[in-house]
Amino acid sequence: MEFWSSLGFFIVGGLIGAVIAFFLTRRYFEKQLKENPPINEKMVRAMFMQMGRKPSEAQIRAVMKSMNQ
């Protein structure tokens, strides 16, 4: 009986730890996305300008589409 109760506590503790880790990781990930947003059209324009090119809207949309895939 002692084995089964210790096994049960181990499983319950593991589940509680997994739930806590999930929420902490999600909060950390959302914080990182807020501080460092993914690339947007403005950044793509800046990259093209740094390369010495004036991008068209079609080029910007193509780059954004390829990054989202």
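Let's start with Glu41, which is partly exposed at 28% relative accessibility. Here buried means under 20% relative accessible area, exposed means over 50%, and partly exposed is in between, with a 1.4 Å probe and protein chains only. Before going on, a word on where this comes from: we are looking at a predicted model, where local features need pLDDT of at least 70, side-chain atom pairs count only at pLDDT 80 or more, and totals for chains, interfaces and linings use all residues. Residues are numbered from 1 along each chain as its sequence is written, and side-chain values use heavy atoms, with hydrogens and water left out.

Back to Glu41, then. What does Glu41 form with Arg61? A salt bridge, with the closest N and O atoms 2.9 Å apart. Glu41 sits in helix H2 and Arg61 in helix H3, so this pair ties together parts that are 20 residues apart in sequence. Helices are DSSP runs of H or I with at least four residues, strands are runs of E with at least two, and both are numbered from the N terminus.

Now look at Glu57 and Arg45, whose side chains meet in a salt bridge at 2.5 Å, N to O. Glu57 belongs to helix H3 and Arg45 to helix H2, so that pair ties together parts twelve residues apart in sequence. Both ends are partly exposed: Glu57 has a relative accessible area of 40%, and Arg45 has 31%.

Glu57 also has a salt bridge to Arg61, at 3.8 Å, N to O. Those two lie in helix H3, four residues apart, or about one turn of the helix. The structure holds four salt bridges.

What lies between the two helices? Ser56, for one, is in the loop between helix H2 (41–50) and helix H3 (57–68). Ser56 is partly exposed, with a relative accessible area of 34%. Its C-alpha atom is separated by 9.0 Å from that of Arg45, eleven residues apart along the chain.

On to the rings. The structure holds two aromatic pairs. In one of them, Phe3 and Trp4 have ring centres 5.2 Å apart and planes at 70 degrees, so the pair is edge-to-face. The rule is that rings of Phe, Tyr and Trp (its six-membered ring) pair if their centres lie within 6.5 Å, with planes under 30 degrees apart counted as stacked, over 60 as edge-to-face and the rest as tilted. Phe3 is exposed at 52%, and Trp4 is exposed at 59%. Phe22 and Phe23 also make an edge-to-face pair, because their ring centres are 5.2 Å apart and their planes stand at 70 degrees. Phe22 is partly exposed at 49%, and so is Phe23, at 45%.

Finally, the whole chain. How many helices and strands does the protein chain have? Three helices and zero strands, in the pattern α-α-α along the sequence. Its C-alpha trace spans about 75 × 20 × 15 Å along the principal axes. Buried residues make up 7% of the 69 residues.
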